Every structure is written in structure tokens, then in C-alpha cells.
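This report looks at a pocket and at the contacts made by aromatic rings. The sequence and the structure come first.

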Amino acid sequence: MAAGMRFLQLFAAVLAFCLAPVNSNWIPATATFYGGADGSDTMGGACGYENLYVAGYGINNVALSTALFNDGASCGQCYVIICDTSKSDMCKPGTSITVSATNFCPPNWDLPSDNGGWCNPPRHHFDMSQPAWENIGIYRAGIIPVFYQQVKCWRQGGVRFTINGFNYFELVLVANIGGSGSIKSMSVKGTNTAWIPMSRNWGANWHCLSGLVGQALSFAITSTGGQYLVFEDVVPAWWQFGQTFSTWRQFDY
């Protein structure tokens, strides 16, 4: 019996560490689901990750309302969500789910914010993949009251860079980011250039207007958590548009 209690205490401690809340207080919100039982319809989305398994995010993903999406700056961030059992009997008590932000839930101005327009500003709302949502809510509920916290992201492997664009326009998708999960600022450096600041184009895509074809590329990134990492010569000189390059480096915060 003592051994069993010790195991439960250890499990609770490990769980608390892994969730690693960024904010100390739980924030009220609401949650719905979309995409079907297998979550296949949640692939792609407004962050640009396309195949979420390949990009490192998987099926436990979520589309954020306007108030949370922050024009794409929240792409990749992680949130732990629990159902508010004090307000609904459609909750699954004692459960939680950690999801990654991969999409945008647009406002529906034809519906009131308290009756269908769940993603209208200033509401904090999570439109989750159905498999993620069913960890905390009963299917027939449709919508449930929740609490959430932003938490540290734990990713397998390192940060990934996909080079898109054409000629003098480089559009770089940055995926599989750990720590805070999202980017505050980013620069690129070619073999024959100085550091060139990049701008967020949309979602998790950053761009610059430079002729970098034929040069090895390095990236300098500051996460929204404040960590600065340089990925030196991560893209070889023979790169072509459409290719993805993986690294071994990862953010801690």
C-alpha cells in the first residue's frame, strides 16, 4: 500500500513538472472540437504546418480564437486544458490534455458571442481536434467551459526549417519548436551575406527579400520565451525551394 502511494505521489510530481505552467493562474475559456474522430481534417491550417505528424505536432492540436491567435504569433504554443466541472456535467473529471496551436478559429459575426460565435473577440476559445477534446469532454456536449494555462512544449528531435518561395523571396516555415513553442524574432545569414532580419509573413512562416540561392543558410531565432539560438549552416548550399532541413538543436524556453 505504501509503495502504491509512493508511486502516485511520484507520478503527480512528474506530471506537475512536465506541465511546467508559464502562468501560475488558470484562465477561463470555452472549447469545441472539429475535424472528425481521426482528426484528419485538422491537418494544415493557418500556421502553415501542413502534415502535423511530419511537422512534429500530431493529433493533439487546436485552433485558437482571435484573442489567443495573436495574428499567428501564437503558432506552435502549447496549452494544458481541463474541463470546468463546476459549470458543466459534460466534463470528464480528473482529466487534462495538452495541445499545440496549429490553426486559427475565425470569428463568426453572424452569430452572437454567447450562442455560436465562440471565436468572436474578445472570447478565449479553443477549437480542438476531436480526439484531443474527447479527453476532457463528453461528445454530445459540443461545447464545454474550460480552464487553461500556457505550458512548456516538449518536442521530439530538433527545430525544422522548410524553404519555400522563389528567386529573391525566401519563405521559411519553422516547425517543431520546443520551450515556449513560438518565435519572437528571426534572422537569416547566407554564406556571402551579413545577418538579414526576417519578418513574419503568415502563421509560422517568416520571409526575407534577398538572393540566397546557392548559399548555405544559418538562422538566428529568439523564442517568445526569450531564448536565443543560432542554427549555423543548417541549410546546405545545394538547397532547393520546397525542401525541409532538420536540426538536432531545440529550445528549452
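## Pocket lining and aromatic contacts

In this predicted model, the lining of the second largest pocket takes at least three residues from each of two domains, domain 1 (25-149) and domain 2 (157-245). The volume of this pocket is about 220 Å³. Its lining consists of 15 residues, and those nearest the centre are G48, Y49, E50, T162 and L173. Three elements, α2 (52-55), β7 (160-166) and β8 (169-175), each contribute at least two residues to the lining of the second largest pocket. By residue class, the lining of that pocket has seven nonpolar, six polar and two charged members.

The aromatic rings are a second topic. A pair of aromatic rings is described by the distance of the centres and the angle of the planes. The model has 13 aromatic pairs.

| Pair | Centre to centre | Angle between planes | Class |
|---|---|---|---|
| F33 and W133 | 4.8 Å | 50° | tilted |
| F33 and Y139 | 5.4 Å | 35° | tilted |

Which parts of the chain does the pair of F33 and W133 tie together? F33 belongs to strand β1 (residues 27-34) and W133 to helix α4 (residues 130-133), so this pair links parts that are 100 residues apart in sequence. The pair of F33 and Y139 is tilted as well, with 5.4 Å from centre to centre and 35° between the planes. Y139 lies in the loop between α4 and β6 (144-151) and F33 in strand β1, so here the parts tied together are 106 residues apart in sequence.

The three residues can also be described by solvent accessibility. W133 is buried because its relative accessible area, 0%, is under the 20% limit.

Elsewhere, F161, F219, F231 and F251 make up one aromatic cluster. F231, a member of that cluster, also has a charged neighbour: R249 lies over the face of F231, at 5.9 Å from the ring centre. This arrangement counts as a charge over a ring because the distance cut-off is 6 Å. In another contact of this kind, the charged end of K152 is placed over the ring of W154, 4.3 Å from the ring centre.

Conventions:
Residues are numbered from 1 along each chain as its sequence is written. This is a predicted model: local features need pLDDT of at least 70, side-chain atom pairs count only at pLDDT 80 or more; totals for chains, interfaces and linings use all residues. Side-chain values use heavy atoms; hydrogens and water are left out. On a 1 Å grid over the protein atoms alone, a cavity is a set of points where a 1.4 Å probe fits but cannot get out, and a pocket is an open set with protein on both sides within 12 Å along at least five of seven lines; lining residues have an atom within 4 Å of a point. Grid points are joined across faces, edges and corners, and a volume is the space filled by probe spheres set on the points. Helices (H or I, at least four residues) and strands (E, at least two) are DSSP runs, numbered from the N terminus. Ala, Val, Leu, Ile, Met, Phe, Trp, Tyr, Cys and Pro count as nonpolar, Asp, Glu, Lys and Arg as charged, and the others, Gly among them, as polar. Domain bounds come from an automatic or database domain assignment. Rings of Phe, Tyr and Trp (its six-membered ring) pair if their centres lie within 6.5 Å; planes under 30 degrees apart count as stacked, over 60 as edge-to-face and the rest as tilted. Buried means under 20% relative accessible area, exposed over 50%, partly exposed in between (1.4 Å probe, protein chains only). A charge sits over a ring if NZ of Lys or CZ of Arg is within 6 Å of the ring centre and within 35 degrees of the ring normal.
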